[in-house]
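Please keep the sequence and the coordinates at hand while reading.

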Amino acid sequence: MPVTGAIAQQPNSAIVAPAPETAELRQQLVDARSDYGSAVLILMNGGTITAVEHFGQAQANASQPLAIDQTHFIMASVSKLMTAWGILHLVEQGQLDLDAPAMTYLQRWQFPPSPYRDRVTLRQLLSHTGGLEDGFGYAGFLPHQPVQTLIESLNRTEDVVSGSPRGVAVTQPPGKKWRYSGGGYAVLELVIEEVSGQPFATFMQERILNPLGMTTASFDVTLLPAGTLATSYTDRQQPDLLRRYAVPAAAALYATPTDLQQWLQAFARPNPVLSAATLRMMATPQAATQNRWGLGPALYGKVCQGMYLWGHDGINLPGFGHTLRFNPATGNGIIVLVSGNTHLAAELGNQWVSAEQRHQCP
């Protein structure tokens, strides 16, 4: 049976009875208990967190496991959505131009020679339409392996999920085709460092995470308190070695459920990092994406007033699979974190999207 997290136990007059689809989501996690090691379900209704529950054992083999609200989950490619917040914050501050060539901001590294490298914009990198065909999924580095630097990874990514190690390059005309690119977010990480003059993790902590109230989240795993990481389970629900990442912007935001609640609510309420206008722009379909992608988030179909449901999924080996979805028309949202099953969270996210699309406009 599910165990209610410490967060949900706190008195909160805004907690409401779950909608039928909420109860169904919870029940599916209960029924699937043998198919994952641990899971977390966070639900938001009208901008207010209405449920935070965890299932299974977030920390295997721990003599005294931490409370779930103190446990850090690596957010896999959901991290890209937070990186997009960093880029758009710099756009709001006048330090970046979305439609300027990315090469304008790069000093320590440049795209390899190509007829198209001077044409790739930040907007296109955010929306995976920059003509990069790296096809990267970052597999990460095991504890005994040295972790590449960002520049080393851009030149030749050693931890590719499939294929041979290769670098980030522009091989097609930008703005013509959507193709998911982890390498593009490695470039965006470097852009943030070049423009801010700070390490990526430091910039994100000071300018994005802390202002959002995500004070225990980090892109630098070495700064986390010892023993707080959620176990990485295999698809056979066996504890596995945790991997480290050369490109945290693409794969390695570490956050607790408490942090994630703060972020989810920032989509629906005024926040000190991004304006409401920028959040609307993020969820606007970009050219060449067939209405499937905005400036960072995936788009999951229209709801009221022409707005799009939006969010991001993420998978990190061997078995983390997460989803974040938000409905700007209702202020409703969902986060599902799963370790030991790479598809369950996305399946539940899709069901939630279908339920949201059945609702009448407010």
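Is serine 232 buried or exposed? At 1% relative accessibility, serine 232 counts as buried, because buried means under 20% relative accessible area, whereas exposed means over 50% and partly exposed lies in between, with a 1.4 Å probe and protein chains only. The model is a predicted one, in which local features need pLDDT of at least 70 and side-chain atom pairs count only at pLDDT 80 or more, while totals for chains, interfaces and linings use all residues. Residues are numbered from 1 along each chain as its sequence is written, and side-chain values use heavy atoms, with hydrogens and water left out.

Serine 232 belongs to strand E5, residues 232–233; helices (H or I, at least four residues) and strands (E, at least two) are DSSP runs numbered from the N terminus. Residues up to four places away in sequence aside, serine 232 touches Gln238, Pro239, Asp240, Leu241, Leu242, Leu317, Pro318, Phe320 and Ser339, a contact being heavy atoms within 4.5 Å. Two of these partners, leucine 317 and proline 318, are joined by a cis peptide bond with omega about 0 degrees. Proline 318 sits in the loop between strand E9 (308–316) and strand E10 (320–327).

The loop between E5 and strand E6 (239–240) holds glutamine 237. Its phi is near 65 degrees, a positive value in a residue other than glycine. With 22% relative accessibility, glutamine 237 counts as partly exposed. Asparagine 291, also not a glycine, has a positive phi of about 60 degrees. This asparagine 291 lies in the loop between helix H10 (276–282) and strand E8 (298–302), and its 44% relative accessibility makes it partly exposed.

E8 and E9 run antiparallel and are joined by three bridges; two strands pair if DSSP finds at least two bridges between them. Lysine 302 has tyrosine 308, in E9, as its bridge partner. The hairpin of E8 and E9 has five residues between the strands, and there glutamine 305 takes a positive phi near 55 degrees.

Among the helices, H7 (residues 200–209) is mostly covered, with seven of its 10 residues buried. Those buried are Phe200, Ala201, Phe203, Met204, Gln205, Ile208 and Leu209. An α-helix has 3.6 residues a turn, so residues three or four places apart point the same way. The cover over the buried residues of H7 includes helix H3 (78–92), helix H6 (182–196) and helix H8 (248–251).

The view now widens to the whole protein, which has 11 helices and 11 strands. Its radius of gyration, taken over C-alpha atoms, is 19 Å, close to the 21 Å that the globule rule (2.2 Å times the number of residues to the power 0.38) gives for 362 residues, so the protein is as compact as a globular protein of that length. The C-alpha trace spans about 55 × 50 × 35 Å along its principal axes. Of the 362 residues, 55% are buried. Among contacts between residues at least 6 apart in sequence, 69% join residues at least 24 apart. The protein exposes about 14,600 Å², of which carbon and sulfur atoms supply 50%; accessible areas come from the Shrake-Rupley method with a 1.4 Å probe.
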